[in-house]
Structures are given as structure tokens and as C-alpha cells.
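User: Hi! Please take me through this structure one feature at a time, and spell out the cut-offs as we go.

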Amino acid sequence: MINAYGLNGMGYEAIQLYHRMPAEMRNEKSHVCVLNACSHSGLVNECRSIFTTIPNKSNYIYTTIIDCLSRSFFFDEAMQLIEEFERHQPPYLPMYMSLLSGARNQNDVSLARQITERIKQLDHVSDDCLSSASVLFGNTLASSGDLEEASKLRLEMNQSGIGKKVGLSWTEVNGEIVEFRVKDRRHPRTKEIYDELHRIEKELIEHGHKFDASWITREMMPDETVASILNSHSERLALAYHFIQRPVPSHIQIVKNLRICGDCHGAIKLISKIRRCEILIRDANRIHHFSDGKCSCAALPLDNLYLRKPVYLQMQEELARTLTYDIYNFLSPHSRTNKYLGVSNDPTSGNIRSLGVFNVTVIVGGVQTTNIGFVDYKCFYLHEG
């Protein structure tokens, strides 16, 4: 149950259930599941706190907290834990893969290069793992704009026989399992599917979506556009197939063998609002519940999140005081009472335009203390205008 909470982005529920377990019932599996739940919900401080209470830390437990730290870009701390582990144990590849994945999300080419070279030095690395590492590094290069080196790396992979896993999506329509791959044209209703994708593209643009070229990891062909490449991802084809059904379903489920890319994630959030439907996608890492323009994963870490209506954030007081989000671009700078934790008693004074990842904590708006379950939380009211 803790694991299910984690996969569905319900980190606080996972932690609450974990703390309700008798201490003698907790084992390595329960530790890993709750740390993983923290990781998928961006609860870094909770992950640190639980980690320190675990008496016997296995390679799986170390890997899970390293994954959590890497997802929130605490790379130095993650590397320190790897060094700590390797003082007494041989290197463990999944720790480096977690770090490399975080570097890819941050487009940190230097770190991605360093970790990729380290992975190549490890003993007994399978071709599949080496392929995954090379793909992550190549994607980091491409996303940072270095398409030339990314192409060279892809050529080296092909020459050495290291293949890239093909992205696939599966969905069920009228009792039939249908498979799609990128740029797929095998389905008998292909023309209808691509016509629907064009309609969706127009709707996305009308509602302000900007197709993100940083998720294109190869050189574009002369007849291609950024939108045409991203729209041909397997999960979008599966989604369009549902929308040409009659009646159009209000609940759609898709399974994908790879992680969903950032542009698809943002687009599908908006599609769920435009088309007024619920979309559930199980990718390689977790389950995403898209509804009314939001996703259960909250797209952590937050990047350019625009607050268009009053928002309530519920968080542990300790987390509030160490949260590494810089809330910037204020209309009311006087709301910041100090660098550590700013609180304004005037609920109309705080207006936040955007959030970004940084190392300063400032909260604006009114504040009240409520008790939710097993721990005190602070509820911060962020008021626009």
C-alpha cells in the first residue's frame, strides 16, 4: 500500500501509513517503498529524516535516497552518499543511473559526462545498462543544444552494437489492446489518428502551449517541425486514437515502457483540461493522473509554474523552513520579512508570478496552523492580487 501511494504521487499518505506501522514490522521493503514515495513527491526532507532512522542501510536504501536527492538536484549530497557507501561496499550501478537521470533533467552536461565515464569504468556493466546510460547522456547533450556531439555518440552506439530501446505505448479500446510506437503508421485508422493530432495541436497552441524543442534528441529532417516530432510520440498517438472513438471516453488509460518526456507531460495536462477528461499514464517510473490541467506528480521539481488562482500549500514546518524553492518576481517585495522564512500577515499582500528552483525560502501570504493526522503542518495561502 505504501508503494501504491508512492507510485500515484501520494507521498504524505505513504509516510503516514509508514509511521503507523509497528517498528518491528518495518523491513527493507517498507523502507525502500516509503523513501521512493518521498522521491516521487519531492519530499526531500522527509526522505532524509526517515533515512537517518534506518539502522541497517542496504544498497537499495542508499539508491532510493540518492534518487530522491537527484530528482531535486541535490547532486553534491547524492555524490557524498555514494562515496559513503563505497567506503565499505563495491560500487552499485543504479546509484549512478539515478544521478545521471537527475543530471539529464537539469541539462547538466558536465555532471552527465562525469557519471557516464564513471559507469563505463564499473565492472560487469551489461549492454542494456550501458545503452541506458549512453542514451541519457546523449539526450542531455541534445537538450543542451549540442546536437553534433549527440549525433556522434549515437553513431558510436550503433557501430558498437548498443541499441536504443524503442518507445512503445499500449492502450485498450473496446476490449482490444493496441500498441503504438513513435511515428507509427501501422494502424488501419492512421489517417484519422493523425488528423486528430493536428486538431489537438491547434487546440494546444490556442491555449498557450509552446512545443519544447529541448526534448528532441536528434537532428530534424527538412520536412519536420518541432510540433510534428513531439506529436508523433507513442503516447500521443494512443491518446488521439481514443479521441476518434464514438462516444469519446471520459477516462483514458495508457501504459508506456519509457519515461514520459517533459513536453508530452505538459501537453497532456493541458489536453485533460481542454477535452475535459481524465488521463492515466503508467510510464517506466510512476503513474500519472492527469485531470483539469494538473498531474498527480505535480511536475516536481517546479519550474516556471505560473499561479493563476489562490493556491494552498500544506507542508511540514521543518520542510517550510528548509524548502529549496526561490519564490521570485514579486509584485509586493515588502512581503519578504527575512531570507530564511518570510511570512506576511496581510493575506492580500502577496502575489507570486512564478516559482523556480534555488536556495532561498520565502513564503508570502497569511499563515495558520492546522493539525493533519500525525504531524503539524503549516498552510500557506498564496494570494494573487
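User: In which loop is Arg276 found?

Analyst: Happy to start there. Helices (H or I, at least four residues) and strands (E, at least two) are DSSP runs, numbered from the N terminus. In these terms, Arg276 is found in the loop between helix H14 (262-274) and strand S4 (278-282).

User: Is Arg276 buried or exposed?

Analyst: Residues are numbered from 1 along each chain as its sequence is written, and side-chain values use heavy atoms, with hydrogens and water left out. Buried means under 20% relative accessible area, exposed over 50%, and partly exposed in between (1.4 Å probe, protein chains only). With a relative accessible area of 77%, Arg276 is exposed.

User: Asn174 has a positive phi too; what is its value?

Analyst: Asn174 is in the loop between strand S1 (168-173) and strand S2 (176-181), and at 74% relative accessibility the residue counts as exposed. Arg276 has a phi near 55°. For Asn174, a residue other than glycine, the positive phi is near 55°.

User: Which two residues does a cis peptide bond join?

Analyst: Look in the loop between helix H13 (234-243) and strand S3 (251-256), which is the place of Pro247. The bond there has an omega of about 0° and joins Arg246 and Pro247.

User: How many salt bridges does the structure hold?

Analyst: A salt bridge here is a side-chain nitrogen of Lys or Arg within 4 Å of a carboxyl oxygen of Asp or Glu. Some are linked in a network, made up of Glu179, Arg181, Asp184 and Arg186. The count for the structure is 18.

User: How far apart are the closest N and O atoms of Arg113 and Glu149?

Analyst: Arg113 forms a salt bridge with Glu149. The pair links distant parts of the chain, with Arg113 in helix H8 (residues 109-121) and Glu149 in helix H10 (residues 147-159), 36 residues apart. Arg113 is partly exposed at 33% relative accessibility, and Glu149 is partly exposed at 24%. Their closest N and O atoms are apart by 2.8 Å.

User: Which side chain meets that of Arg275 in a salt bridge?

Analyst: The N to O distance in this salt bridge is 2.9 Å. The pair links distant parts of the chain, 79 residues apart, from the loop between H14 and S4 to helix H11 (residues 190-206).

User: What is the N to O distance between Arg236 and Asp263?

Analyst: Arg236 is buried at a relative accessible area of 3%, and Asp263 is buried at 3% as well. Their side chains meet in a salt bridge, and the N to O distance is 2.3 Å.

User: What is the strand order of the open sheet?

Analyst: Two strands pair if DSSP finds at least two bridges between them. S1 and S3 run antiparallel and are joined by three bridges, and the bridge partner of Thr171 in S3 is Ile254. The open sheet has six strands with mixed pairing, in the order S2-S1-S3-S4-S5-S6.

User: Which strands stand at the edges?

Analyst: Each edge strand has a single partner strand, so one side of each is left without a neighbour in the sheet. They are S2 and strand S6 (294-295).

User: What angle do helix H5 and helix H7 make?

Analyst: Axes are lines fitted to C-alpha atoms, for helices over the stretch in contact (heavy atoms within 4.5 Å), and angles run from 0 to 180 degrees between N-to-C directions. Helix H5 (residues 59-71) meets helix H7 (residues 93-106) with their axes 8 Å apart, and residues including Tyr62 and Ile66 in H5 meet residues including Met95 and Leu99 in H7. The packing angle is about 5°.

User: Over which residues does pLDDT stay under 50?

Analyst: The mean pLDDT of the protein is 78, and 77% of its residues reach 70 or more. Where pLDDT is low, the predicted coordinates should not be read in detail. The stretch with pLDDT under 50 has 176 contacts beyond four places in sequence, and it covers residues 299-385.

How values were computed
This is a predicted model: local features need pLDDT of at least 70, side-chain atom pairs count only at pLDDT 80 or more; totals for chains, interfaces and linings use all residues. pLDDT is the predictor's confidence in each residue, from 0 to 100.
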